[in-house]
Amino acid sequence: MTASLQDKLDSDARAVLDLIEASGRPPLNQLSVAQAREAVCASLAVLGKAPPPVREHDCDIAGPGGSVPVRIYRPLGEAGEAALPALLYMHGGGWMLGDFAYGAWFCASLAQLLGIAVVSVDFRLAPEHPYPAGLDDCMAVLRHLHGHADTLAIEGGRIAIAGDSAGGNLAAVCALMARDEGISLKAQILIYPVTDLLEEQESYARNAEGFGLTADVMRWFKSAYRNGADAADWRVSPLRAERMDAVAPALVLTCGFDPLYAEGNAYAERLARAGVPVLHIQYRDQIHGFLMWAEKVGAAEQALAQIAGELRHRLFA
């Protein structure tokens, strides 16, 4: 990394990078898939914050590849099984890593802060299940929430979606598909999303290494997920969609020290040009993944509050 960039990096993010370096852990793409999954779990145990107490319920929803596990977070103190507005969450991890634990703090915090149901999807992972398996699972859950909301005590007319990193890619694609299928969404929350698997934008070179997620690790993720699929297909690269109009209002959060910074910014700009209401939040001093590291990165709580504020506005307006 260059000195000029390093000087502008948030001190909490710098401390996290120092911890990762001190651990001696090789880059994820130099590990086996099983080892990489274990490494992400171990990192979250150190960097992540324990979720607040909420009501949790696990169930399965029918999908094209079999049952899709979901975990539903509901606030404490809720009277009975009243129907609540809902947020559908797709976790990060490069479409290869992660499970319910990945976003537990984020999901539980929003459920308790907003008094909503948050539905986390344990979608199928690459390389065992490449595109479109994970996307199919997420859309199956979204369709179920919309069409059978009463079975989960959810308000079918007040649903938003969210995802971080690869989950942000899935959420963005689901928002476009929802528009085309006539499913009305109140908001899409895209947290440092992957939006373009066809071309690498300038932040890939500028933030290639030294800031956690490297360009090489991102290439590893993309190759495993695509597995030969056409990277120009908008269902893989939502930035390549012909139309952006009439999709759900968006919050797009991007980080300055992230290989994905430029493509996230480009997605926010395309949405805005298409007339979609967009709240674009840039954490120019942050690294990819910081939102899930609330135990060590103070900005995570600030970002959570901003996301909660936008969801409150969109779900309860």
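**Close-up views of a predicted model**

**View 1. Helix α4 is mostly covered.** Of the 11 residues in α4, 9 are buried. The model shown here, and in every view below, is predicted. The buried set in α4 consists of Ala104, Trp105, Phe106, Cys107, Ala108, Ser109, Leu110, Ala111 and Leu114. These buried residues pack against β2, β3, β4, β6 and α10. Glycine 115 follows α4 and has a positive phi, near 70 degrees.

View 2. Ala117, Val119 and Val121 point one way from β4. Val118 and Ser120 point the other way. Both sets are buried.

**View 3. β4 pairs with β2 and with β3.** Strand β2 (residues 66–74) runs antiparallel to β4, and 4 bridges join them. Valine 70 has valine 121 of β4 as its bridge partner. With strand β3 (residues 84–90), β4 pairs in the parallel sense over 5 bridges. Here leucine 88 stands opposite valine 119 of β4. Between β3 and β4 the chain passes through helix α4 (residues 104–114), and this β-α-β crossover is right-handed.

**View 4. β3, β5 and β6 pair in the parallel sense.** β3 and strand β5 (residues 154–164) are paired over 6 bridges, in the parallel sense. Leucine 84 stands opposite isoleucine 154 of β5. β5 also runs parallel to strand β6 (residues 187–191), joined by 5 bridges. Glycine 163 has leucine 190 in β6 as its bridge partner. Together β5, α6 and β6 form a right-handed β-α-β unit.

**View 5. The largest nonpolar core.** This core holds 123 residues. Phe106, Leu110, Leu291 and Leu311 touch the most other members. Helix α6 (residues 166–181) supplies the largest share, 10 residues. In soluble globular proteins, nonpolar side chains tend to be buried together. What does leucine 110 touch, not counting residues up to four places away in sequence? Its contacts are Leu87, Gly115, Ile116, Val118, Leu304, Ile307, Ala308 and Leu311.

**View 6. Alanine 303 in helix α10.** Alanine 303 sits in α10, which spans residues 299–316. With a relative accessible area of 0%, alanine 303 falls under the 20% cut-off and therefore counts as buried. Not counting residues up to four places away in sequence, alanine 303 touches Leu253, Tyr283, Phe290 and Leu291. Leucine 44 is 259 residues from alanine 303 in sequence and 18 Å from it in space, C-alpha to C-alpha.

**View 7. Valine 16 in helix α2.** Valine 16 belongs to α2. Its relative accessibility is 1%, so valine 16 counts as buried. Leaving aside neighbours within four places in sequence, valine 16 is in contact with Leu47, Trp293, Lys296 and Val297. Valine 16 and leucine 47 are 31 residues apart along the chain, and their C-alpha atoms are separated by 7.8 Å.

**View 8. The largest pocket.** The volume of this pocket is about 730 Å³. Its lining counts 32 residues. Ile20, Arg25, Leu28, Gly212 and Leu213 lie nearest the centre. Elements giving two or more residues to the lining are α2 (11–23), α3 (33–47) and α8 (215–226).

View 9. Alanine 126 and proline 127 are joined by a cis peptide bond, with omega about 0 degrees. Proline 127 lies in the loop between β4 and α5 (133–147). A cis peptide bond also joins tyrosine 131 and proline 132, with omega about 10 degrees. Proline 132 is found in the loop between β4 and α5 as well.

View 10. Most residues other than glycine have a negative phi, and most peptide bonds are trans. Serine 165 is not a glycine, yet its phi is positive, about 60 degrees. Serine 165 lies in the loop between β5 and α6. Alanine 246 is not a glycine either, and its phi is positive, about 65 degrees. Alanine 246 lies in the loop between α8 and β7 (250–257).

Technical notes: Residues numbered from 1 in each chain as written. Predicted model: local features only at pLDDT ≥ 70, side-chain atom pairs only at ≥ 80, totals over all residues. Heavy atoms only, no water. Buried < 20%, exposed > 50% of the residue type's maximum accessible area, 1.4 Å probe, protein only. Pairing = 2+ DSSP bridges. Right-handed = clockwise from strand over helix to strand, strands pointing away. Core = buried A, V, L, I, M, F, W, Y, C linked by side-chain atoms within 4.5 Å. Contact = heavy atoms within 4.5 Å. 1 Å grid on protein atoms, 1.4 Å probe; cavity = no way out; pocket = protein on both sides within 12 Å on 5 of 7 lines; lining within 4 Å. Points joined across faces, edges and corners; volume = space filled by probe spheres on them.
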